[in-house]
Amino acid sequence: MTRYLFRRLFLMAFVLLALSILAFSLGYLFPGDVVQNLSGLRQIDENQRQQLIGYYHLDQNILQQYMAFLSRIAQGDWGLSFASQQPLLQEIKLLLPATLELASYALLLSFIVGIPLGIVAAFKPDSLVGKSISAIAMVGYSLPIFWWGLLLIMFFSLALGWLPSAGRIGVLYEIPHSSGFMLYDILQANINYRREALYNAMLHLLLPTIVLATFPTTVMVRFVRDAMLNVWEQNYIKTARAKGLNRGQVLYRHGLRNALLPVIRQIGLQFSTLITLAMLTEVIFSWPGIGRWLIDSIYQRNYPAIQAGLLVISTMVITVNMLTEILHAFFNPLARRG
Amino acid sequence: MSKFRLYLEENNRSPVKQLWREFKRQHSAMTGLVLFVSFFVISLLAPFFTPHDPYLQVDDLLLLPPSWNAAGLVQYPFGTDDLGRDLLSRMIKGTSYTFGFALITVAGALLMGLVLGALAGMSKGVKSSVFNHILDLALTIPSLLLAIIIVAIIGPGLLNTTWAIMLALLPQFVHGIRNAIDEELKQDYVIAYRLDGANNWHVLTRLILPNIWEKLTIMATMAISTAILDIAALGFLGFGAQAPLSEWGAMISDSLDLIYLAPSSVAIPGLLILTAVLSVNLVGDGLKTAILKRRQN
């Protein structure tokens, strides 16, 4: 295990290094002036330019520029946003919790709904229930998420008027910012309209979570179903049945434990898709997260912001990926090889 | 697990015929194939199909409702948009953009992936290990994010989107092809062929490629559905096909501000995307099952 851990961590360090090189080169690949792209300053006079060239080591060779870039990232000087002229790291710190909140609820929902449905579908694959679950999963798997979100808004917000279509919470409620996670902030805050605010925030959360959870849920259903069907064919299941265990016991003691093990790995794999889909969901539901901010940055040609967004999102994805791999190897000794 | 094998009839048909036989048995897969082929034909022949010019703006017929509405016209089955352009014609034309360009994208990515994957799969040592780690990085960055960043560098437009998605799809192709080649290289018949004096090129073209094409097809179908969704998503965000082009995702975002007035102009292009992706996925699933069954027999 220790050896495996070291290899994984080494790989992660390498991947992060490669990522930093990619992010570093973006500053030069983007159209426009390099000094502007690096600093995020809009107007630069000649005097300031000379200063910045010195600060970014632009007069030195590329390796030294890269080292300077790394030390800036480590110190938290990520440059300014073209659009707001605010420090990028500060902006990201405010936006990231919103995305994480949405994504984690969606991931949770996809597990709660997806795993049982997958098991049911695998238990009786040829029955009406099993077939309809597979069919629905197939359709959900093919849904263009932005259209699905619009459809739900059209139905629940415009036609029925049950649910709000945009934002995290109604404008009537003022929630003091502490962690950035809305539900936690509301519970924490010292306000007398806590219950109403919580209810309102939940309503706002409902549609985006369902939309975002659709794809991971269907992937989960398909994955668990295939894994279960595969495990159900194994000899140890036959042995267990021959021992005299009933179906429920076999399912619980032998089936689930083997079939659900790879699910841990799915968390990591799903997370990357989830973040991508979260970008689209945030655009549709005007959710003030990092995805919408990143897409707005592209509209505004806000190159420093795109660079910072890539860095943050990829680091997050890589870390979650690596953690789930390690967790999976921790539970499954077979995965430690290779 | 070993199963009883009954050899009731002599089965000397070619692998492709066996595959087709297994594929044919699945109704859902056949439905998918019919849809897929019709989308393909429409995307090829779109200019000859359209009942009206998709870019012609008829001033008298702005925002005509679909023909099932009392106010609709039978000449315009899906109605017209806010500039008086026929929606049906635009959707037919859009097939070549969304569906056709997805096919081109995947074909390009497959070709590049085959070359790079073969190079990676046949090489050993440090070169291959460094290559792998770079691939791992590219695989962890979400494909849509990668595409968005590439578009941010080279600028928006349908052709640029194609390039971006091609590059974003490439890592998974290279990875899959490399693994498939790796698996093949371990087979005994490869070693036997090598002992006969075959070089790398012979092994690759005569043994490996014929044996991995099934995996390639499955990979390609999965990639086509991703490509359709990505092209539509980028079009929807405004990074893909630009204003007059009737790409499906762009059509949805165009009619977004008319969502109260004409909900069908948002609903129908989305339904088309769904159908196109569904057809590809059905074919992919059917192929997967058919290959599994063929291998078992």
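Buried means under 20% relative accessible area, exposed means over 50%, and partly exposed is what falls in between (1.4 Å probe, protein chains only). I start with chain B: of its 297 residues, 51% count as buried.

**Ground rules**

I am working on a predicted model, where local features need pLDDT of at least 70 and side-chain atom pairs count only at pLDDT 80 or more, while totals for chains, interfaces and linings use all residues. Residues are numbered from 1 along each chain as its sequence is written, chains are lettered from A and ligands numbered from 1 in the order in which they are written, and side-chain values use heavy atoms, with hydrogens and water left out.

**Chain B, overall**

I looked up the secondary structure, taking helices (H or I, at least four residues) and strands (E, at least two) as DSSP runs numbered from the N terminus. Chain B comes out with 10 helices and 0 strands, so I can read its pattern as α-α-α-α-α-α-α-α-α-α, with the runs defined as above. The C-alpha trace of chain B spans about 75 × 55 × 35 Å along its principal axes.

Next I checked contacts, meaning heavy atoms within 4.5 Å. Counting contacts in chain B between residues at least 6 apart in sequence, 71% join residues at least 24 apart.

**Chain B, one serine**

I picked B:S89, which sits in helix α3 (residues 87-122) of chain B. Is B:S89 buried or exposed? B:S89 is buried, because its relative accessible area is 0%. Beyond its neighbours within four places in sequence, B:S89 is in contact with B:T50, B:P51, B:H52 and B:P54.

**Salt bridges**

My rule here: a side-chain nitrogen of Lys or Arg within 4 Å of a carboxyl oxygen of Asp or Glu. Over all chains, the search of the whole structure gives 10 salt bridges.

- B:D81 pairs with B:R85, the closest N and O atoms being 3.0 Å apart.
- B:D81 also meets B:R90, at 3.8 Å, N to O.
- B:R25 and B:E22 meet at 3.6 Å, N to O. Here B:R25 is exposed, with a relative accessible area of 53%, whereas B:E22 is buried, at 6%.

**Where the chains meet**

I then turned to the interface, where 40 residues of chain B are in contact with 44 residues of chain A. Buried area is the accessible area (1.4 Å probe) that two parts lose on being put together, summed over both. For chain B and chain A that area is about 3,800 Å², and carbon and sulfur atoms give 81% of it.

How many salt bridges does the rule find across the interface of chain B and chain A? The rule finds 1, and the side chains of A:R222 and B:D285 form a salt bridge at 3.2 Å, N to O. On the chain B side, the elements giving two or more residues are α4 (126-140), α5 (143-154), α8 (200-237), α9 (248-254) and α10 (264-296). Of these, α10(B) gives the most, with 11 residues. By class, that side of chain B has 31 nonpolar, 6 polar and 3 charged residues; Ala, Val, Leu, Ile, Met, Phe, Trp, Tyr, Cys and Pro count as nonpolar, Asp, Glu, Lys and Arg as charged, and the others, Gly among them, as polar.

I found A:S286 with a positive phi of about 45° although it is not a glycine. A:S286 lies in the loop between α12 (261-284) and α13 (290-299) of chain A, and at 30% relative accessibility A:S286 counts as partly exposed. A:R301 also has a positive phi, about 55°, and is not a glycine. I placed A:R301 in the loop between α13 and α14 (303-331) of chain A; A:R301 is partly exposed, at 41%.

**Record check**

UniProt positions are given in the numbering used here, feature names are shortened, and annotations may be inferred rather than shown by experiment. For chain B, the unreviewed UniProt entry lists "transmembrane region" at several spans, including residues 29-49 and 259-284. I computed 100% helix and 0% strand over residues 29-49 of chain B, with end C-alpha atoms 26 Å apart. Residues 259-284 of chain B give 81% helix and 0% strand, with ends 34 Å apart.
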